[in-house]
Amino acid sequence: MTDKVHVIGGGLAGSEAAWQLAQKGVPVVLHEMRPVRPTEAHKTDALAELVCSNSFRSDDWETNAVGLLHEEMRRAGSLIMTAADRNKLPAGGALAVDRDAFAGGVTAALAAHASIEIERGEIAGLPPTDWDSVIVATGPLTSPALARAVQSHTGEAELAFFDAIAPIVHFETIDMDICWRQSRYDKVGPGGSGADYINCPLDKDQYDAFIDALLAAEKTAFKDFESTPYFEGCLPIEVMAERGRDTLRYGPMKPVGLTEPHRPDVKPYAVVQLRQDNALGTLWNMVGFQTKLRHGEQVRVFHMIPGLGHAEFARLGGLHRNTFLNSPKLLDESLRLKADPRLRFAGQITGVEGYVESAAIGLLAGRFAAAERLGLSASPPPPTTALGALLAHITGGHVSADEGTARSFQPMNVNFGLFPPISVPRQPRGKGPRSGKSFERKRAMANRALADLDRWLSTPTSVAAE
Ligand SMILES: Cc1cc2nc3c(=O)[nH]c(=O)nc-3n(C[C@H](O)[C@H](O)[C@H](O)COP(=O)(O)OP(=O)(O)OC[C@H]3O[C@@H](n4cnc5c(N)ncnc54)[C@H](O)[C@@H]3O)c2cc1C
């Protein structure tokens with residue numbers, strides 16, 4: 001008889017992981033601490049409870065990366081997607097669900113599965129050593145006792161308790177007639193070229209207008225359990241601006257060591273810098289621009305920055321209570337802790353963001369653990385798929401992993417900027433969102449993804465060499 005795999009956490013990721021294991025015939029014990037021990041956000045004892053919105057976001061696989069992820073998960077036999085489809089509510093192009101019926105459906109399916117045992121109770125430290133295959137899927141609100149144990153196992157700096165997210169911009173939407181590439185003082189540094197940053201220059205009037213807009217913009221509030229999250233090293237830019245009009249000019253927007261090639265005689269008054277965020281070079285983050293501004297306000301205010309007037313954001317900034325690993329450094333490509341491979345991680349704790357992404361990483365962790373238990377080798381999904389692109393982001397695609405400084409790693413939703421680029425023929429100008437080059441490019445990426453996914457799913461896993 002096959003030995004059991006233990007899954008800790010019965011949220012979006014843990015429920016999906018347990019299902020994938022059980023469907024491959026591997027017995028599972030799923031440990032969920034609720035209702036014995038609650039979290040600050042969950043309200044029920046159901047598995048896969050949705051803690052806030054009831055939306056799985058866009059269901060359009062042709063033009064939206066999360067819609068594509070839905071479709072890939074459906075093809076891979078996802079329990080979360082089956083329950084979502086069965087309990088969907090009218091919501092335009094989005095997939096919204098009846099949250100109680102959804103969570104009830106997941107809980108009932110797992111409870112009824114012959115290969116799954118559900119144990120209610122907190123795992124309050126590292127799992128016992130005789131559990132030789134474990135998936136930790138305890139989410140953004142991992143209980144403190146387990147979080148502390150993981151932290152001392154991985155190293156103090158490798159588990160974060162807040163995310164501090166600066167906005168990330170699609171490269172192709174930055175106006176390079178205004179911006180230029182240069183590192184401060186042309187420093188080459190480890191793995192650099194001396195031209196590693198994209199710089200957006202502001203004159204005094206533009207800077208003053210930007211500061212005024214920042215101070216007046218609407219902010220989001222912290223939840224009760226998110227008290228005092230500010231660390232001096234990652235203050236929101238609006239808090240810096242409140243401390244003095246010049247604080248940003250002496251902080252993340254300092255103009256020193258930079259010369260504008262288009263106008264070498266003009267000294268910029270302030271500069272916003274963007275740093276490459278993924279190995280593909282398709283995504284760039286705004287350095288030091290973590291913020292609690294409302295999302296709509298971020299778009300409005302950041303469009304005032306010269307060169308970002310038409311920027312499209314792969315993600316907007318935020319600051320939240322979270323628990324996530326420095327995954328590019330710690331995890332191998334099958335989500336195992338490199339230093340202790342009996343432990344695999346899944347869900348938001350790996351540095352993905354969102355219900356669907358968390359469940360998707362649960363799906364992969366479950367399949368990888370099942371293959372390992374059955375003595376098979378399982379290759380990761382191709383990076384051209386949404387599943388593969390997301391996995392590559394957390395296990396190595398993030399650019400600073402190569403520099404050995406993956407501490408800048410921050411959680412991310414799936415988006416087309418994570419996919420390898422694709423070229424499409426020039427398009428005639430069309431009207432509406434479903435025409436033009438951007439639409440054709442997304443559609444080409446989505447078609448490539450599904451073809452590659454089908455090939456990956458139909459490849460028989462082979463018996464491992466050892
Ligand atoms: C307040 C809040 C609001 C959010 N809102 C949204 C939103 O609207 N939309 C969205 O897409 N994403 C949202 N997220 C982000 C995220 O996608 C969800 O939190 C998602 O549920 C993460 O899935 P997960 O499986 O990783 O974690 P969870 O779904 O949180 O599951 C983790 C499970 O592990 C259990 N657990 C924790 N510690 C232990 C332990 N030691 N032993 C046993 N069990 C344990 C918990 O009880 C929980 O059931 C939100 C996050 C938070 C914190």
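**Core packing and local backbone features**

Phe-56, Phe-102 and Phe-419 touch the most other members of the largest nonpolar core, which holds 89 residues. Such a core is a set of buried Ala, Val, Leu, Ile, Met, Phe, Trp, Tyr and Cys residues joined through side-chain atoms within 4.5 Å; buried means under 20% relative accessible area, exposed over 50%, and partly exposed in between (1.4 Å probe, protein chains only). Helix H10 (residues 355-373) supplies the largest share of this core, 11 residues. A second, separate core has 34 residues, including Tyr-207 and Phe-289.

The model is predicted: local features need pLDDT of at least 70, side-chain atom pairs count only at pLDDT 80 or more, and totals for chains, interfaces and linings use all residues. Residues are numbered from 1 along each chain as its sequence is written, and side-chain values use heavy atoms, with hydrogens and water left out.

Contacts (heavy atoms within 4.5 Å) of Phe-419 include Leu-68, Leu-280, Met-445 and Arg-448.

Helices (H or I, at least four residues) and strands (E, at least two) are DSSP runs, numbered from the N terminus. Leu-12, Ser-15, Ala-18 and Trp-19 of H1 meet Phe-102, Val-106, Ala-109 and Leu-110 of H4. Seven of the residues in this contact are nonpolar, one is polar and none is charged. Here Ala, Val, Leu, Ile, Met, Phe, Trp, Tyr, Cys and Pro count as nonpolar, Asp, Glu, Lys and Arg as charged, and the others, Gly among them, as polar.

A cis peptide bond, with omega about 0°, links Arg-34 to Pro-35. Pro-35 sits in the loop between strands E2 (28-32) and E3 (55-58). Arg-57 belongs to E3 and has a positive phi, near 65°.

Conventions. Lists of a residue's contacts leave out its neighbours within four places in sequence.
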